[in-house]
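Here is a short briefing on one protein chain. Keep the sequence and the 3D view open while you read.

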Amino acid sequence: MTAHFVITLFNISFGSLFTEKISANKTYGQMFDRKSQQKRYNAEWLSYRANIFNQITVPSIKAQTCKNFKWLVLFGIETPKSYVEKLNIDNLFIPIYTDGNSTIPDVISKIKEFINKDYVITTNLDSDDGIAINFIEEIQKQAIKVNRVL
């Protein structure tokens, strides 16, 4: 059996996930300074992103032909819980709050809460993207094919 997790970063920078070297002095994550991260808590920015998320991303998740997955949406630790509750009115996703420095361990910890399967699939979905209605179904079909080859 397979567990499938769709992971969306809502208002944390992608760079905060990595520590690989970009230059001798900086890591990729350090290229995103505190000031650029702070704008992601600004009410105007959050409203703008929520509109895109609600008009594009959420409908594409709701329309999936396969419902056998969990959607994890990552928010910065300073994101107001009331804001996230409004975004998640249909309880479509599991919110994860992270400071950006412990993002990967936070995600792994949450995934472990739900794992009782032999295999785990993770899929990244940006907070401003939509996916085809059979996207999840096709990924799972391909995973089954790969498993048979192994």
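Two strands pair if DSSP finds at least two bridges between them. Strand β1, residues 2-9, is joined to β4 by six bridges, so the two count as paired. The model is predicted. The points below go from the overall fold to single residues and ring pairs.

**Overall make-up**
- The chain holds five helices and four strands.
- Along the sequence, the elements follow the pattern β-α-α-β-α-β-α-β-α.
- The chain has 150 residues, and 39% of them are buried.
- Among contacts with a separation of 6 or more, 69% are between residues 24 or more positions apart.
- The accessible surface of the chain is about 9200 Å². Carbon and sulfur atoms account for 54% of that surface.

**The sheet**
- The four strands form an open sheet in the order β3-β2-β1-β4, with parallel pairing.
- The edges are β3 (94-98) and β4 (119-124), each of which pairs on one side only.
- On average, neighbouring strands of this sheet are turned by 25° against each other, direction ignored.
- In general, strands of a sheet pair through backbone hydrogen bonds, either parallel or antiparallel.
- β1 and β4 run parallel. For a place to look, take Thr2, whose bridge partner in β4 is Tyr119.

**A helix across the sheet**
- Helix α2 covers residues 43-62.
- Helix α2 lies across β1 and β2, the latter being residues 70-76.
- The angle between helix α2 and β2 is about 155°.

**Two asparagines in one loop**
- Asn88 is in the loop between α3 and β3. Asn91 has its place in the loop between α3 (81-87) and β3.
- Is Asn88 buried or exposed? Asn88 counts as buried because its relative accessibility is 9%, and the cut-off for buried is under 20%.
- Beyond residues up to four places away in sequence, Asn88 touches Phe93 and Pro95.
- Asn91 counts as exposed because its relative accessibility is 64%, and the cut-off for exposed is over 50%.
- Asn91 also has a positive phi, near 50°, in a residue other than glycine.

**Aromatic pairs**
- A search of the whole structure finds eight aromatic pairs.
- Take Phe10 and Tyr83: their ring centres are 6.1 Å apart and their planes are at 55°, so the pair is tilted.
- This pair links distant parts of the chain, 73 residues apart. Phe10 is in the loop between β1 and α1 (34-38), and Tyr83 is in helix α3.
- Phe10 and Tyr83 are both buried.
- What kind of pair do Phe53 and Phe93 make? Their ring centres are 6.1 Å apart and their planes are at 75°, so the pair is edge-to-face. The cut-off for edge-to-face is over 60 degrees.
- This second pair also links distant parts of the chain, 40 residues apart. Phe53 belongs to helix α2, and Phe93 to the loop between α3 and β3.
- Phe53 and Phe93 are buried.

**The ring cluster and a charge**
- Ring pairs link Phe10, Phe53, Trp71, Phe75, Tyr83, Phe93 and Tyr97 into a cluster.
- Tyr97, one of the cluster residues, has the charged end of Lys81 over its ring. That charged end is 3.7 Å from the ring centre.
- Phe93 is another member of the cluster, and Asn88 touches Phe93.

Notes:
Residues numbered from 1 in each chain as written. Predicted model: local features only at pLDDT ≥ 70, side-chain atom pairs only at ≥ 80, totals over all residues. Heavy atoms only, no water. Axes fitted to C-alpha atoms, helices over the stretch in contact; angles between N-to-C directions. Contact = heavy atoms within 4.5 Å. Buried < 20%, exposed > 50% of the residue type's maximum accessible area, 1.4 Å probe, protein only. Areas by Shrake-Rupley, 256 points an atom, 1.4 Å probe, with all protein chains shown as cover. Phe/Tyr/Trp six-rings, centres within 6.5 Å; stacked < 30°, edge-to-face > 60°. Lys NZ or Arg CZ within 6 Å of the ring centre and 35° of its normal.
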